[in-house]
Amino acid sequence: MDFFIGLLQDMTQIAISPSTAAFAVAAIGLNIHFGYTGLLNMGQAGFMLLGAYGFAISIIAGLPIFVAILIALGCAVIFALVLGIPTLKLRGDYLAIVTISAAEIIRMVGRSSLMTNITGAAQGLTGNSYRGPFTDLSFLPAGRTTLLWFTYDNTGVDGWWVRLVGWSVVALVSFLVFLLIRSPWGRVLRGIREDEDAIRSLGKNVYAYKMQALILGGSIGAIAGIIYVLPSTVQPDSMGRSMTFFIWTALLLGGAASIFGPVLGAVIFFAVRILVKGLAGQFIPESIMNSQQTEQFSWILVGVALMLLVIFRPQGILGNKRELSF
Amino acid sequence: MTAHSEKLSRTPTLRQRAIVAVLALAGALTLLGATAMPALGAEAPCLADVSNACIQGTVKMSTGAPAVGVDITVETTNFSKVLTTDKAGKWVISVTTAGKYSVKLDPATLPSGQRLASTSANPASITVTLHANSGAVFKLESTSAPAGSSGTSSTAGSGITWDRFLQQAASGLRLGLLLALAAIGLSLIYGTTGLSNFAHAEQVTMGGLIAYGLANVLGWNLILATIATVVITAATGWTQDALIWKPLRKRGLGVNQLMIVTIGLSIALQYTFQYFVGAGTVRIQQDNPAVISIGAVTLTLQSYVAMGIAVIVIVLAGLFLLKTRVGRATRAVSDNPALAAASGIDVDRIIRLVWTISAGLAGLSGVMLGLVLNGINWQTGMQLLLLLFAAVTLGGLGTAFGALAGSLIIGMVVELTNLVLPGDFKYATALVILILLLLVRPQGIFGRKERVG
């Protein structure tokens, strides 16, 4: 019994962790691309990495935190423009290949030894070097707080403050998307997803709308990147292709083209993986599956789940079959 | 079972189908048997969790073989431990405090004929955070190499000499040919089904790992193992189409949906490889490869053989596409599936064949890469996937000969980049070229304009 209580606690702890919040925000950004506009962006982790670099490097250079956030957003905007100009007029899968390649370029340049003085190369930038201004903003008193079974420092490296900020951003961005999608602008986006030519025949500049969607979703991705690195480090290899694929899994699981889908998807993605690992570790004998293999087993299930999801329930948990982008 | 139920309708191909089905089963069993074994012999793993962290690394000789018995000292305030590399050249330690650690390699314990490529990197200083893995890398070089040049791609050379150019161009040709083996299949699949197959790179990895299982673990003759690998991987292609892709086509899934299914498959396969073989690099051949110099070009014997085999197979594939009835039918389906079906071509059969051949070619490419790169690991294919896509897009999506040309260009670009930029950038330049090309000629070099929407 203790095992199950412990497992439940682990699952809820990961569910409210800052990295889950970051995944949720990234998935919300991707939802604008894919769910509402039908753009196959396979480089969301690249936007996150750029945001993280932009933020961390600006702070290390001594700029104030709000300027640093603006720089992070600026990086994402430029990246979106660079990606969008050659590809948004082409068929969807070109965008997929170009975005995934561009995200890899960002990662490879970031981890290159030539950039050691700026990005810290493959070792990355340690959290202490850029976290200061963020923790200084905290209005929480010093010390530790326990709520239910969650005990964290109020402000520390990985405490309540970053959780509070992370989940507030999730709420804020969700609300923003809710408003935007109900606006005339959002209706055009969904129109592009359904029938590009029809929207073009109404005199709308489809290319410009797609570009705006790419920029907006990418900027949200950059914010996700900042949240992701605040309690840890900026490590280029942790924000590679796999991360993009996991964000996709979270989005499709929760339901693309729905407001709460990405958030629910991210929470379930992390919690269920912990569940699988925990159960496999507890009930499958060591001789069949050792502790390292339970980790890999959980990722195999993620891959299989992604396949089954797309085949049998492409609208995810919260999505609407009529709003499908496929 | 599919073969059985279709027995009545297509008697001429019955025997082939039965053979392939049996091979598929045999392949799956061999794969399980071959890959389960090394997992048992894996060293005590270090698993990072909230209370500890792993520091690890692999020391390899300049030839790529593991350096065994090298002493590594891991130190921090009030903590010091000496480790020795195991038979795979690996060392790992679990620590429970975060902070700065110094990792020092004892040069006196290095195998004879080897020295550190850069003495300034020893001791290495690393920052360890709990719940994470950290590593320290020590590059070795042969004592016969001139001081300062590590001989590998990690440093940008000072000055471009004609000899270096030739050497890199030869490596580029080698990479290009091996990429082409896999890219032709990727392109054929795209041409016949419209699918960008993200799991194609996993077929490459699978080829290398099966060859490792057969040649290294089971001790088969290398040539026999290679042939068996190609047959097994081709069978996996056949099974994949029978079990996944054909039913999904019948279900009417869109190409974008299918593309995400391949991403799921690719994740599942990657971690399956890791599950059985572990995260380390395994070698298909244990002994160190012989090196042969032709003029200024020095490559391993395997490289020459691999290039030769690749050329032969590519020529055969080209002849098949141009000269045989089935080959012509394949190109017809690639051009326009509806028209091909209307003119009496069995499109599903052609697609099944394309999957089989593509997976087989990718498997062969994996074996060759494993031999040429001195080892293969669970992500060898994944690292090549984008180069494959770049090659295929460069040549024109869906054109087999474009894929060949694209692969050679990408291979050259990747290796020649080393002349002017550090090795970190070699894959990046290929991708930059891809993006630039899409700006000016989105249909690729050999593609036709109407293919692009």
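I began with Leu148(A), which sits in the loop that joins β1 (144-147) to β2 (150-153) of chain A. The model I am reading is a predicted one.

**Backbone at Leu148(A).** I looked up phi for Leu148(A) and found a value near 50 degrees. That is positive, and the residue is not glycine. Is Leu148(A) buried or exposed? I counted 7 other C-beta atoms within 10 Å of Leu148(A). The cut-off for exposed is 12 or fewer, so Leu148(A) is exposed.

**Backbone at Ala257(A).** Next I went to another loop of chain A, between α12 (241-254) and α13 (261-283), where Ala257(A) lies. Phi of Ala257(A) is near 60 degrees. Again I noted a positive value in a residue other than glycine. Is Ala257(A) buried or exposed? I found 25 C-beta neighbours inside 10 Å. Buried requires 20 or more, so Ala257(A) counts as buried.

**Contact between chains A and B.** I then turned to the interface. How many residues of chain B are in contact with chain A? I logged 40 residues of chain B, in contact with 42 residues of chain A. I checked which elements of chain B give two or more residues to the side that touches chain A. They are α6 (255-277), α11 (380-395) and α13 (426-440) of chain B. The largest share comes from α6(B), with 14 residues. Last, I sorted the residues on this side of chain B by class. I noted 28 nonpolar, 11 polar and 1 charged.

Terms used:
Residues numbered from 1 in each chain as written. Chains lettered and ligands numbered in written order. Predicted model: local features only at pLDDT ≥ 70, side-chain atom pairs only at ≥ 80, totals over all residues. Helix = DSSP H or I, 4+ residues; strand = E, 2+ residues; numbered from the N terminus. Contact = placed C-beta atoms within 7 Å. Nonpolar A, V, L, I, M, F, W, Y, C, P; charged D, E, K, R; others polar.
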